[in-house]
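Please keep the sequence and the structure in view while reading.

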Amino acid sequence: MPRRANTNRLLVPGAAAVLNQFKEEIAAEFGVKLGSDTTARGNGSVGGEITKRLVAQSQNEIKS
C-alpha cells in the first residue's frame, strides 16, 4: 500500500523543531518510544496529548 504524502504545513518557520521537542518530551512522560515499531495506540496517545495541550494553551491565551 503506497504511503500518502504529508500535506500538513507549518505556518511558523522554525516551528518544526519546537514541535519535535514537545513530542519527545510528551513521549518520555508517557514512556512511549516513538517510531514505526511502536503501536498506533502509543504514537496516537502522544499526538492526542500534543493537541490537548496546544488547545489548552490557546484557550488560556484567548482568556488573557
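**Overall picture**

The protein exposes about 5,700 Å², of which carbon and sulfur atoms supply 55%. The model is a predicted one, in which local features need pLDDT of at least 70 and side-chain atom pairs count only at pLDDT 80 or more. Two helices and zero strands are found in the protein. The radius of gyration is 14 Å, well over the 11 Å that the globule rule gives for 64 residues, so the protein is more spread out than a compact globule.

**Dimensions and burial**

- Along its principal axes, the C-alpha trace of the protein spans about 45 × 30 × 20 Å.
- Of the 64 residues in the protein, 14% count as buried, a class for which the relative accessible area has to be under 20%.
- Asn 8, which is placed in the segment before H1, is exposed, with a relative accessible area of 66%.
- Between Asn 8 and Ile 62 there are 24 Å in space, C-alpha to C-alpha, and the two are 54 residues apart in sequence.

**Nonpolar core**

- The largest nonpolar core is made up of five residues in all, namely Ile 26, Ala 27, Val 32, Val 46 and Ile 50.
- Helix H1 (15-30) and helix H2 (40-63) are the elements that give two or more residues to this core.
- When residues up to four places away in sequence are not counted, Ile 26 touches Val 46, Glu 49, Ile 50 and Arg 53, so that the contacts of this core residue include both core members, such as Val 46 and Ile 50, and the charged pair partners Glu 49 and Arg 53.

**Salt bridges and their network**

- Side chains of opposite charge can pair when their charged atoms come close.
- How many salt bridges does the protein have? The count comes to two.
- One of them joins Glu 29 with Arg 53, the closest N and O atoms being 2.7 Å apart; because Glu 29 lies in helix H1 and Arg 53 in helix H2, the pair ties together parts that are 24 residues apart in sequence.
- Salt bridges that share partners join Glu 29, Glu 49 and Arg 53 into one network.
- Is Glu 49 buried or exposed? Glu 49 is buried, because its relative accessible area is 14% and the cut-off for that class is under 20%.

**Loop between the helices**

- Thr 38 has its place in the loop between H1 and H2.
- At 19% relative accessibility, Thr 38 counts as buried, because the class takes in residues under 20%.
- The contacts of Thr 38, not counting residues up to four places away in sequence, are with Val 32, Lys 33 and Asn 43, and Val 32 is also one of the residues of the largest nonpolar core.

**Nonpolar surface patch**

- Which residues form a nonpolar patch on the surface? The patch is formed by Leu 10, Leu 19 and Leu 54, which together have about 230 Å² of accessible area.
- Leu 54 lies in helix H2 and is partly exposed, with a relative accessible area of 33%.

Key. Residues numbered from 1 in each chain as written. Heavy atoms only, no water. Core = buried A, V, L, I, M, F, W, Y, C linked by side-chain atoms within 4.5 Å. Buried < 20%, exposed > 50% of the residue type's maximum accessible area, 1.4 Å probe, protein only. Helix = DSSP H or I, 4+ residues; strand = E, 2+ residues; numbered from the N terminus. Contact = heavy atoms within 4.5 Å. Patch = residues over 30% accessible without salt bridge, like charges linked within 9 Å, V, L, I, M, F, W, Y side chains within 5 Å. Areas by Shrake-Rupley, 256 points an atom, 1.4 Å probe, with all protein chains shown as cover. Salt bridge = Lys/Arg side-chain N within 4 Å of Asp/Glu carboxyl O. Rg over C-alpha atoms; globule rule 2.2 N^0.38 Å.
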